[in-house]
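Have a look at this one with me. I've jotted down some notes on its charged side chains.

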Amino acid sequence: MRKTIIAGNWKMYKTITEAIELANGLKREFFKLDFAAVDVVLCPAFTALSEVAEVLTETEIGLGAQDIYWQEEGAFTGEVSPLMIKDAGCQYAIIGHSERRQFFGESNETVNKKIKAALKSGIIPIVCVGENLQEREANKTFKVVEDHINNGLAGVDVSDIANLIIAYEPVWAIGTGKTATPDQAQEVHKFIRDLLKKNYGQDVSDNIRIQYGGSVKPENIMQLMERPDVDGALVGGASLKVDSFSAIVTKASEVVK
Ligand code: PGA
């Protein structure tokens, strides 16, 4: 059985003070949460990582960065290494988010290097894949997702694959309020699971967790989570408020499959 995992991607929101306040609010809400049923991860901006880590000390809430560079250190102005985010308290890193692919030239090749670097430092990658609207309309969804998976994960040790997390995020659903229907999400999640089975075998495919991302809200999390291959969510906008994020996490933790 795969444990549900809900991550909040705070993107470029929240000053340090605001991030501490949000983390504290969530910590209070999750005081009674059944962490045996759900993993929760918060992904603030780099500037707030250590402070949020401090708030989360002695809780079961995980911490992730929104990106990393693939070198351990060096003359790479503006970049942050896996070792640095680990030092700041992270266990996870989002890699290959569509906004990074779209606005910052991220490619399957850079995603691949970042995944390997994260794993080498003991950071769990949350690898984002997904098609944009044009690609969906041209019936290229499966092809794009297959490319993201095959090239993004190329050369990664099979023993590491089951430990990473895939986030299927159709670009047309991100921040648009236009969620994929549970059927649309399930169809692609199943495709990804079958592809991983073909590439890495039954065990990996049975154990790897695949999150859905794109306008996840308290109102749609249940229907998405009820689908057999949806193992959690990567939440943007709705992760910025205590009420909506805690409602999503609580509802997701209650779905029994
Ligand atoms: P959204 O963002 O929930 O605001 O659509 C999701 C994401 O970008 O990870």
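1. A quick term before we start: a residue is buried when its relative accessible area is under 20%, exposed when over 50%, and partly exposed in between, using a 1.4 Å probe and protein chains only. By that rule, Glu131 is buried, with a relative accessible area of 0%.

2. Keep in mind that this is a predicted model, where local features need pLDDT of at least 70, side-chain atom pairs count only at pLDDT 80 or more, and totals for chains, interfaces and linings use all residues. Residues are numbered from 1 along each chain as its sequence is written, and side-chain values use heavy atoms, with hydrogens and water left out.

3. How many salt bridges turn up in the whole structure? The search finds 16, where a salt bridge is a side-chain nitrogen of Lys or Arg within 4 Å of a carboxyl oxygen of Asp or Glu.

4. Back to Glu131: its side chain pairs with that of Arg136 in a salt bridge, 2.8 Å from N to O. Arg136 is buried too, at 19% relative accessibility.

5. Glu106 and Lys114 also form a salt bridge through their side chains, at 3.1 Å from N to O.

6. Now try Lys143 and Asp147, whose side chains make a salt bridge at 3.6 Å, N to O. Lys143 is exposed at 51%, while Asp147 is partly exposed at 30%.

7. Finally, salt bridges with shared partners link Arg2, Arg193, Asp229 and Asp231 into one network.
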